[in-house]
Amino acid sequence: PRRHVATSSTVHVPFAISETRAETRLLSAGYRRLPAGHIPPTMVFGEIISAASRLVYRHASPQTEAVAGARARVDSDADNSGIVPPSSDPVFWKPAPLGTFAKYDDIDEKMQQYASSAGFKLRKSNHFLTEDESRTVFGSERRVERRGYWQCTEKDCPFHVAYTCFKKDRLYRFKDEKFCLDHNHELNTSLLQHDGYTLVNSERDLTPKEVTAIEDVAPAGMGMQKLKDYLERHFPDRKFTSTLLHRVKKKALKHRYGDDQHQLNQLMVDGFKMKEDGGAFDFKLDDSARLKSVHWQSATMKQYVETYGYFVIADGTHGTNIYGLQLLVYFVVDCFGKTCFAGYSATRSENTDDVDDGMEELGLKKKKPSLMSDEGPAFIAMAIKNGLVHKLCGHHYTKNGIKCVAGLADLYRPFLNDINAAVYDDVPNKKLDDMLDKAAKKYGG
């Protein structure tokens, strides 16, 4: 059946309540129906909807809190609306007897959030459907929860919320037997509510899914703001403090890597294993025994270098990692014209000595290749030092060359033609000098 909250005006707000059998149980347990006419016609329609969604029954017993929706009171000394504003209870959602839900995982997450918001921890006990029942009823390959309950972890606490599965409807429902949200101990919560968000600043207030999410991304070296954004996208009603995330992230890294969170020992193990498998690995330390550079190459990369090492492309990252190391990447081009990885170096800067050491260790100088790079001086100096032919990357050349034509107006196209001829044509050094001198006189004035 459906009931209406009526006002002295003609506005009627429909509100669905529990079925007749459940209604009888609630009334016998001490609930009473919210009297009609308590909402004056001056209330806006939105307030009526809000009031109706908060209250249909009021429980008379102080020992039990089990109402459909958020908790509110209707007392004889209430204001002229007949509705006392909701309490300052920070919990937005709480379980109600006979409430239904489609998936166990969703309601378990809500129960965890409810518990953390209210300031206590849950333990749960579940019984499962058989594999055949799970596959037939829910189409799941894993065994699905059939019935169970949540209890408070405090000893002898009366908190008890049970559920059962209705296989015919493929729904779960909270059981009203032994349903109790009371506690016989003090609840501790550090959660703050503001503008519809829950501010989480304590580890005990994190749900298992939130902890798992932090542990999964911790090894990626994600910055604090990016980590916050990531979590708030997945948990939109929750916000997390930086100090909390720093602690949990640090614990996650220690749990995964132990005290050696930088994994230098593992780097050496993996590097020498790569070398034993036919690849290359080398590193250098500075005077303070800090890692100065490291070079590595898999066995497959080495085969590509030995076959196609006549032309090498090299480039370095713009920034550095958290250890202040810059990544240098080397490529060769195979017979299909595809660019293939040939090796890596991590150095403190893009300098000639480290580039020279890296190309030597990775076997990239054996065939006296042509080396193509951007305008970085380290690669050019290394090529000159080893007698290699250096080619400027067309992308970088074009990108930087275009910047030089501002203000040339009609001379824009002749300028590019002359410069391209000077750069790409195979001309003697003397002729090249003459071409550049003419270009300077022609376009420099």
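How many helices and strands does the chain have? There are 14 helices and 19 strands. Keep in mind that you're looking at a predicted model.

**The chain as a whole**
- The chain runs to 445 residues, and 37% of them are buried.
- Take the contacts with a separation of 6 or more: 51% of them are between residues 24 or more positions apart.

**A sheet of 7 strands**
- Look for an open sheet with mixed pairing, whose strands come in the order S13-S14-S17-S16-S15-S18-S19.
- The edges belong to S13 (280-285) and S19 (389-392); each has a single partner strand, so one side of each has no neighbour in the sheet.
- Going from one strand to the next, the twist averages 20°.
- Inside the sheet, S15 (residues 311-316) and S16 (residues 326-333) run antiparallel and are joined by 5 bridges. Val312 sits opposite Val332 of S16.

**Helices packed on that sheet**
- Helix H8 (residues 264-276) packs on the sheet, where it touches S13 and S14 (291-297). The direction of H8 makes about 140° with that of S13.
- Helix H9 (residues 299-308) packs on the sheet too, touching S14, S15, S16 and S17 (339-347). Its direction makes about 115° with that of S17.

- You'll find Ser134 in helix H4 (residues 131-138).
- Is Ser134 buried or exposed? With a relative accessible area of 0%, Ser134 counts as buried, because the cut-off for that is under 20%.
- Setting aside neighbours within four places in sequence, Ser134 is in contact with Leu129, Gly139, Ser140, Arg142, Arg143 and Val144.

**The largest pocket**
- The largest pocket holds about 1,200 Å³ of space.
- Its lining is made of 31 residues, and the closest to the centre are Gln261, His262, Gln263, Ile322 and Tyr323.
- Which element supplies the largest share of the lining? That's H8, with 6 residues.
- H8 is one of several elements giving at least two residues each to this lining, together with helix H7 (242-257), S13 and S14.

Key
Residues numbered from 1 in each chain as written. Predicted model: local features only at pLDDT ≥ 70, side-chain atom pairs only at ≥ 80, totals over all residues. Heavy atoms only, no water. Helix = DSSP H or I, 4+ residues; strand = E, 2+ residues; numbered from the N terminus. Buried < 20%, exposed > 50% of the residue type's maximum accessible area, 1.4 Å probe, protein only. Contact = heavy atoms within 4.5 Å. Pairing = 2+ DSSP bridges. Axes fitted to C-alpha atoms, helices over the stretch in contact; angles between N-to-C directions. 1 Å grid on protein atoms, 1.4 Å probe; cavity = no way out; pocket = protein on both sides within 12 Å on 5 of 7 lines; lining within 4 Å. Points joined across faces, edges and corners; volume = space filled by probe spheres on them.
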